[in-house]
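User: I have a structure open and would like to go through it with you. Could we take it one topic at a time?
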Amino acid sequence: NMSSSLSPSPHSPLTVYNLHTSDEVQSLECKSRETNSEMFTNLFSSAESSSRVEIRHIVSTGQVTAENEWYDQQEDEWVLVVSGNATLRVLSDSRSEVTLEMNSGDYCMIPRQTPHRVEYTSDPTIWLAIHIFPPETELHRHVDTT
């Protein structure tokens with residue numbers, strides 16, 4: 001369910017698009033943190049609204065996700081390869097593994113709770129990642145009663 005995410009319409013999740021042309025590069029309609037000097041920079045974080053947004057600049061120099069590990073985030077992630085290239089592996093809704101080849105200008109939306117991992121990054125790969133956290137429920141908000 002992506003109703004609370006900021007997915008650019010008419011783009012669909014798990015599809016790579018190219019920033020320069022807005023053409024679909026690779027469709028993934030499947031029917032069949034700190035690591036080794038990789039640098040993460042938070043460029044923006046908003047806790048002012050019901051949904052928190054964080055914008056990160058990431059410089060990878062060959063880092064990959066550890067073997068047998070998967071990211072399984074509670075937030076949606078829109079990611080752009082600014083320069084360089086990378087290979088992501090994603091588990092689709094049907095739990096089949098899909099490979100995303102991303103080059104400079106390519107971007108995609110990874111919906112929350114979509115297991116994914118980085119299989120390859122060139123040296124360097126520069127990313128822009130926007131993390132969109134779901135709104136907090138009333139049960140999880142801190143209420144100061146003093």
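User: How many salt bridges does the structure hold?
Analyst: This is a predicted model, and the structure holds 5 salt bridges.

User: Which residues are linked in a network of salt bridges?
Analyst: Arg52, Glu54 and Arg56 are linked in such a network. Within it, the side chains of Glu54 and Arg56 meet at 2.4 Å, N to O.

User: Are Glu54 and Arg56 buried or exposed?
Analyst: Both Glu54 and Arg56 are buried.

User: What does the side chain of Arg117 meet in a salt bridge?
Analyst: The side chain of Arg117 meets that of Glu119, with a distance of 2.4 Å from N to O. Arg117 is buried because its relative accessible area is 10%, under the 20% cut-off. Glu119 has a relative accessible area of 31%, so Glu119 is partly exposed.

User: And which side chain does Glu97 meet in a salt bridge?
Analyst: Glu97 meets Arg89, and the N to O distance is 3.1 Å. Glu97 counts as partly exposed because its relative accessibility is 46%. Arg89 also counts as partly exposed, at 25% relative accessibility.

User: Let us change topic to the strands. Which strands form the open sheet, and in what order?
Analyst: The sheet has 3 strands in the order β7-β6-β9, and the pairing is antiparallel. β7 and β9 are the edge strands, as each pairs on one side only. From one strand to the next, the twist averages 20 degrees.

User: What holds strands of a sheet to each other in general?
Analyst: Strands of a sheet pair through backbone hydrogen bonds, and the pairing is either parallel or antiparallel.

User: Back to β6, then. Is this strand mostly covered or uncovered?
Analyst: Strand β6 spans residues 85-91 and is mostly covered, with 5 of its 7 residues buried.

User: How many bridges does β6 have with β7, and how many with β9?
Analyst: With β7, which covers residues 97-103, β6 pairs over 7 bridges. With β9, residues 116-121, β6 pairs over 5 bridges. Both pairings run in the antiparallel sense.

User: Which residues stand opposite each other there?
Analyst: On the β7 side, Thr87 has Glu101 as its bridge partner, and Val90 stands opposite Val98. On the β9 side, Arg89 stands opposite Arg117.

User: What do β6 and β7 form, and how many residues lie between them?
Analyst: β6 and β7 form a hairpin with 5 residues between them. Arg95 is in the turn, and its phi is positive, at about 70 degrees. Arg95 is exposed because its relative accessible area is 51%, over the 50% cut-off.

User: Where is Asn68 found, and what is its phi?
Analyst: Asn68 is found in the loop between β4 (53-60) and β5 (76-83). Its phi is near 65 degrees, a positive value in a residue other than glycine. Asn68 counts as exposed because its relative accessibility is 68%.

User: One last topic: is the peptide bond from Asp123 to Pro124 cis or trans?
Analyst: The bond from Asp123 to Pro124 is cis, with omega near 0 degrees. Pro124 lies in the loop between β9 and β10, the latter being residues 125-132.

Note on methods. Residues numbered from 1 in each chain as written. Predicted model: local features only at pLDDT ≥ 70, side-chain atom pairs only at ≥ 80, totals over all residues. Heavy atoms only, no water. Buried < 20%, exposed > 50% of the residue type's maximum accessible area, 1.4 Å probe, protein only. Helix = DSSP H or I, 4+ residues; strand = E, 2+ residues; numbered from the N terminus. Pairing = 2+ DSSP bridges. Salt bridge = Lys/Arg side-chain N within 4 Å of Asp/Glu carboxyl O. Axes fitted to C-alpha atoms, helices over the stretch in contact; angles between N-to-C directions.
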